[in-house]
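I opened my notebook to look up charged pairs. Here is what I had on screen.

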Amino acid sequence: MSKRTTTRNGTARPIRLLGDPVLRTACDPVRTFDASLEKLVDDMFVTMYEADGAGVAANQVGSGLRLFVYDCEDDRGRRHVGHVVNPVLVAADGELLVEPEGCLSLPGLRFDTPRHAHAVVEGVDAKGRPVRVEGTGYFARCLQHECGHLDGEVYIDVLSGDARREAMRAIRNLQRP
């Protein structure tokens, strides 16, 4: 099933763009597991699908809670769909792969970004049940990217050298009137 045909209850929320302070603020742990949390998860899925993204973190839609959703394929073409509340990146290992990466909060920009080929995230779901998500390839990249958001980081923060200079130049050029 394609992402485009997947429907969920929920309402798309505006995606916060680089420069919005919420993207640079570490998110708070979820402490209340109720209908409003489930509504946020549904809204985040709808937002991600409308923006044609592979994942979205709560702060990208203006919420300061530690939560992300994803719909992403791994290096074997297997589709992974879900969400993690209070995620902890417990492993990011394996080969360091430098591949193009983008972000819904920096639309239109993609930069070669180093990420580990394997990642494991542990947390809970919206009902508070334990969740362990393991990914390889592009899905591992997604897990690392979304966990970074929840710590107040964006993917350009992991860039260095020429790649970082190129990214900063592109961002400055976008911000010019």
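I looked up Asp 74 and found it buried, at 7% relative accessibility. Buried means under 20% relative accessible area, exposed over 50%, and partly exposed in between, with a 1.4 Å probe and protein chains only. Its partner is Arg 78, and the two side chains meet in a salt bridge of 2.9 Å, N to O. That term needs a side-chain nitrogen of Lys or Arg within 4 Å of a carboxyl oxygen of Asp or Glu. Arg 78 is partly exposed, at 43%.

I noted that this is a predicted model, where local features need pLDDT of at least 70, side-chain atom pairs count only at pLDDT 80 or more, and totals for chains, interfaces and linings use all residues. Residues are numbered from 1 along each chain as its sequence is written, and side-chain values use heavy atoms, leaving out hydrogens and water.

Next I checked Glu 101 and Arg 141. Their closest N and O atoms are 2.6 Å apart, in a salt bridge. Glu 101 lies in strand S3 and Arg 141 in helix H2 (residues 137-150), so the pair ties together parts 40 residues apart in sequence. Helices (H or I, at least four residues) and strands (E, at least two) are DSSP runs, numbered from the N terminus. Both residues, Glu 101 and Arg 141, are buried.

Then I turned to Arg 132 and Glu 122. Their side chains form a salt bridge at 2.7 Å, N to O. Arg 132 sits in strand S5 (residues 130-136) and Glu 122 in strand S4 (residues 110-124). Arg 132 is exposed, at 52%. Glu 122 is partly exposed, at 35%.

Last, I searched the whole structure and got 13 salt bridges.
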